[in-house]
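Dear colleague,

I am placing the sequence and the coordinates directly below, and after them I set out what was found.

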Amino acid sequence: MRLLTILPILLGLISSHFVSATDNGKTTDVTWDQYSLSVKGERVYVFSGEFHYQRLPVPELWLDVFQKLRANGFNAISIYFFWNFHSASEDTFDFENGAHDVQRVFDYAKQAGLYVIARAGPYCNAETSAGGFALWASNGQMGSTRTSASTYYDRWYPWIQKIGKIIAANQITSGGPVILNQHENELQETTHSANNTVVKYMEQVKAAFNEAGIVVPSTHNEKGMRSMSWSTDYQDVGGAVNVYGLDSYPGGLSCTNPDTGFNLVRTYYQWFQNYSSSQPEYLPEFEGGWFSPWGGTFYDQCSTELSPEFADVYYKNNIGSRVTLQNIYMVMGATSWGHSAAPVVYTSYDYSAPMRETREIRDKLKQTKLIGLFTRVSSGLLQMQMEGNGTGYTSDAGIYTWALRNPETQAGFYVLAHSTSSSRAVTTTSLNVNTSAGALTIPNIELAGRQSKIIVTDYRIGQGSSLLYSSAEVLTYATLDIDVIVFYLNIGQKGEFVFKDAPTHLTFQTYGNSKVNSGASNHGTKYTYTQGDGTTVLKFSHGVLVYLLDKETAWNFFAVPTTSNPNVVPSEQIIALGPYLVRTATVSGDTVSLVGDNANTTSIEVYTGNSKVTKIKWNGKEISTKKTPYGSLIGSAPGAQAKVSLPTLKSWKAQDTLPEIKADYDDSRWTICNKTRSVNSVAPLTLPVLYSGDYGYHAGTRIYRGRFDGMTATGANLTVQNGAAAGWAAWLNGVYVGGAIGDPTLAATSAELLFNSATLRKTDNVLTVIMDYTGHDEANVSPNGAQNPRGILGATLLGGEFTSWRIQGNAGGEANIDPVRGPMNEGGLYGERLGWHLPGYKAPKTATSHSPLDGISGAAGRFYTTTFQLDLDSDLDVPIGLQLDASADFPAVVQIFMNGYQFGHYLPHIGPQTRFPFPPGVINNRGENTLAMSLWALTDRGARLSQVDLVAYGAYRTGFNFNHDWSYLQPQWKNNREQYV
C-alpha cells in the first residue's frame, strides 16, 4: 500500500481541499484513509443495500429494484455471487442463461447510478443452501473447507477465476460500478500466525482474485465483535484486506414481545479505533431486518422488525459512531425459490427488509431514505473527528449524544437518542454545542420515544449559504438557481434554525400552515416554528428556499438525481414531493419529465431551479400544472385507481405423483446405491452408502427403494437427514408403514417402521422412502457444516438384510437439463421428473378433474396443474401471489410452481408462510400462466388445502416497463423426459 495526495476537481473548479489517502498499489481510482473511501479523488459516504439477484430470477426487475434504491437515498449495492447458482457440476459454469447472466447485474447497477460491492465468497452464508458452496462439491469432497487444504482449493479456485474475471471487467477502473471486492465471508482469525491454515487460505483467496484481475480494494466482514480478523492495523501476519469491516445485528428484537431488545451498541467507534484505526469505519452487514425460521413468525406480522423507528435510531447511531460506509443487510430480501434456501429459512426471504419481497416500498425504507439523502449531501461527515460522547451534552441526563467535528470546515454533527435506547419516553431537552459563533445552547429538542436526531452546526447548504445551527433535522439541500434546504420534524415538534453570516434585515414569506416566528439573538436572527401537517415553504429575501416537512410527508419527498454518477452533488438533483416513487428526472427545454409510480392519485410538486421549465411530464404524459409563488410546479400524478380483478383458479387436472410407492413400479433406470465408502468424512450408520450427494442428487425431493427377500422382517430402523423441518414417509409394498413429519429443531429424524406380515412377500419386497428437503446446512452446523450429508444416514432391516437400494432425484441429477431455471429448481417427485410443472405441458385424458381443495385420502400424493389468463394494464405493477390454507392437523408437503419455477414450499403443520408472491417474469401479468402444485401426505390421514387463491398485494401505476415478453425465462415442456421415470 502507499500514501498519496489527490487534488479533486469538482464542478470544473480546482478545490483547495486535498484528499490524503492510501491506495493498494494497484489503482488510485479507489483510495481510503481513516475517515472515508474516495472514488476518483472524491470522498464518498457509501450508503449501500444488500441485494441478491439470485433470489429475484428476472433480470429486468433488477433495474426496478436498483432505481427504487437510488430514489430512496442509496448510492451502492452489495451483492453475493452464489457458486451453487452458477455451477451445477464440476468444471461447468453458467453466466448466460436467464438470471445467471451476471453482466446484467453490473449493467443495471451502472444504469441506475449505484456502486457495487462484490462478494463472491467462495463461502457466502446468507441463509442459502450450503452457504453458497456448489452443491456438487458439498457432498464431502471439499474436505476441510475454508482452510488451505488442497481438496478444497482445487474446487473453489476455478469458481473464483470465472466470477473474478467478470467482476474485474466491471471495476470502476474499467468504467464499471465495482468499487470494493470482499474476500470470503465472516471468517474468524482466531490464531494470528502465518502458519495458520486459515491465514494461508485467505492468502490463497487474495492471490486468486489478483490473478483474475481485481484491482479495487479488498474488504472483509468481521463476524460481530467475536474476533479481530484480517486488519492491516492489528497483528497482520497475512491474509489481511485493505478495508476492514465489522458485521452487526444488534437489534435483539422479538416478533412476539415488542418490549424486547432495541438496545443500541455504542462501542463501534472504539472497536474500529482499536483494530482498524487507519481505515474508514465500515459496516459490511448492518441489520436491515432478520430472517425467520420454519415454525417462526411470518415477516408481515413482525411489527418490531418492520418499524421505521429501528432505521431512524440505529442508522443514525452508526453516523454518530463515525461510520462512513454502511451496508444494510438486507435492503430487499426477495425469495429463496426452488431449493436454494438453507434449512434455517423457508421460501420467503423477505427479511422484514426496508423493501418488501414483492418489491414494494415499506415505511421502513421511506425512513431510511431520510438518512440516505442526508448523507448524500453532507460532505462534512466525510472527515469527522470524535469530539466526545455521553450524557453530558444536554439538559437531560437521559439523552446520549455523539459529538462529531470536521476539523477543516468546523461543521458539527450531534447525534441524539435516549440513553436507554429502548425507551418510549417523550423527552424535551436543550443541547450545548460549539459553533463558529461560540458556545451555544439549542432549546426545545424533543425525542419522541424511539427517535434519534442529528443536529447540525456550521452546516453548509449551498454556494453561499450556511446554517449556524438547526434543531430541525436536515433531509437534504440542493444548489440550484437558489439554495434549497429541506427540514423535517414530527408533527407538533419545535424547530429552530439560524443562518450563518446572513445579511441583515432578512425578510421571508410563508406558504403553508406551520407558523414561523423570527427573533433577534446574539448570533443572528433565529427562526422558530412548530411543525404542522404537510408542507410549509419559506422564501427568504437572500435567495434561500426552505421546506418544512412533517416526517410522513418527508417520506414522499425525493431529491431526484440528474446524473448517473452514484456520487450525487447538491447541484445535480431536483426536488420532487408527493408520489409513492419518483425514479428519474430529466429536464429538456420547458419540460421536466419524471418517471415514477403511484398507488393512489397524489399531488406532485417539483422544484427544478430553472425558470424556463413550466411543464411536467409524468410517465411520458403532460399533466396540468400551475406555478407556485416560490417557483415550483404543482400538478397531480395519477394512481392505479381501479381495483384489480384476478381470476378464480379452476379446471384443475390431477395425477398420481407417487407411483413409486407401488411394489411393481419399474425402477430399473434408477441409480444403484452400491458404494461402500463415502466421499464424506461423516461415516454412514449402515452400508451401502445412501447419501444422495454421493450419487449426484443434491436438491429437492429424493426417493429411495430398498429391496429384501423373505417374510421374516418385522420392521426397519431409518435415520433420514434432509434439513430442519424436512419430513419423510415410507411404504412397504405399497402400504404406508411410517416416517417422520419433520421438526424445525431437528435436521435428522429417526423412526422404527413396523411391518405387517400381511404386506410381506416371499421375494422382492420393496421399501419406498420419500423425503422432503429444506436445503444444505451452512458452515456453522456441526459436524461438517455445508457438507453434512443428505439422504438416508442409516437403514437397518429388523429380521433380515436389504439386498439392494436405488435412488432417484431431480431429472438428470447434475446435468442441469433446465439451465434457465438452474440446478436447484427441481426435485425428484415423479411429476417434476417428467416436467408436469412446465408451461406447455398438457395432462393426459387419464388425469382427473380433482383440485388441491379435494386433496388426497391416505398416504398418497397428487400433482395438480391448471392454467389461467391475466390481462393487466401495461402500465400497472401488480405484485401477485398465491394464498394457501390448510389444517395443521394433516401433515403434508406442498410445492408451488409458477410457469415452471418452484416458488413455494408450504408445510401446513409447521408454517409460518401461507402466501407466496410471484414476480413479473415468473408470472405473466399479460398472458397465459401455468400453475402446478404437488401435494403429498406425510401420514396415512391424507391431506387437502382449504384455500388456493390468487391475491394482489397492491397496484401501482408506473412508468417502468413491466410489459415484456418473458418467454426466454420460461422454457416450455418437451416430451424428452421419459428416461427419468
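For reading the labels that follow, helices (H or I, at least four residues) and strands (E, at least two) are DSSP runs, and they are numbered from the N terminus. Please keep in mind throughout that this is a predicted model.

I begin with the overall layout. The domain assignment of the protein gives domain 1 as residues 30–361, domain 2 as 380–579, domain 3 as 659–808 and domain 4 as 829–980. Between the C-alpha centres of domain 2 and domain 4 the separation is 51 Å.

Next come the helix pairs. Two packed helices are described by the angle between their axes and the distance between the axes.

Helix α1 (residues 59–71) packs with helix α3 (residues 103–112) at an angle of about 30 degrees, the axes being 9 Å apart, and α1 passes α3 in a right-handed crossing. On the α1 side the contact involves Pro 59, Glu 60, Trp 62, Leu 63, Phe 66, Gln 67 and Arg 70, which meet Arg 104, Val 105, Tyr 108, Ala 109, Gln 111 and Ala 112 of α3. Sorted by class, the residues of this contact of α1 with α3 are 8 nonpolar, 2 polar and 3 charged.

Helix α4 (residues 150–169) and helix α5 (residues 197–212) have axes 8 Å apart and pack at an angle of about 40 degrees, which makes α4 oblique to α5. The crossing in which α4 passes α5 is right-handed. The residues of α4 that take part include Tyr 152, Tyr 153, Trp 156 and Tyr 157, and among their partners in α5 are Tyr 201, Val 205 and Phe 209. In the contact of α4 with α5 there are 11 nonpolar, 3 polar and 2 charged residues.

Helix α8 (residues 308–320) packs with helix α9 (residues 363–377) at an angle of about 25 degrees, with their axes 7 Å apart, and α8 is therefore roughly parallel to α9. Here too the crossing is right-handed, as α8 passes α9. The contact is made by Pro 308, Ala 311, Asp 312, Tyr 315, Lys 316 and Ile 319 from α8, together with Asp 363, Lys 364, Gln 367, Thr 368, Ile 371 and Thr 375 from α9. The class counts for the contact of α8 with α9 are 5 nonpolar, 3 polar and 4 charged.

Turning to charged pairs, side chains of opposite charge can pair when their charged atoms come close. A search of the whole structure finds 35 salt bridges. One of these joins the side chains of Arg 119 and Glu 50, at 3.0 Å from N to O. This pair links distant parts of the chain, since Arg 119 belongs to strand β10 (residues 115–119) and Glu 50 to strand β8 (residues 46–51), 69 residues apart.

Finally, some points about the backbone. The peptide bond joining Leu 687 and Pro 688 is cis, with omega about 5 degrees, and Pro 688 is placed in the loop between β40 (671–672) and β41 (702–708). A cis peptide bond also runs from Ser 782 to Pro 783, where omega is near 0 degrees, and Pro 783 is found in the loop between β46 (765–771) and β47 (791–798). Glu 184, a residue other than glycine, has a positive phi, near 55 degrees, and it lies in the loop between β11 (178–182) and α5.

With kind regards

Definitions and conventions. Residues are numbered from 1 along each chain as its sequence is written. This is a predicted model: local features need pLDDT of at least 70, side-chain atom pairs count only at pLDDT 80 or more; totals for chains, interfaces and linings use all residues. Side-chain values use heavy atoms; hydrogens and water are left out. Axes are lines fitted to C-alpha atoms, for helices over the stretch in contact, and angles run from 0 to 180 degrees between N-to-C directions. Angles under 35 degrees count as roughly parallel, over 145 as roughly antiparallel, 65 to 115 as roughly perpendicular and the rest as oblique. A crossing is left-handed if the near helix is turned anticlockwise from the far one by less than a right angle, and right-handed if clockwise. Contact means heavy atoms within 4.5 Å. Ala, Val, Leu, Ile, Met, Phe, Trp, Tyr, Cys and Pro count as nonpolar, Asp, Glu, Lys and Arg as charged, and the others, Gly among them, as polar. Domain bounds come from an automatic or database domain assignment. A salt bridge is a side-chain nitrogen of Lys or Arg within 4 Å of a carboxyl oxygen of Asp or Glu.
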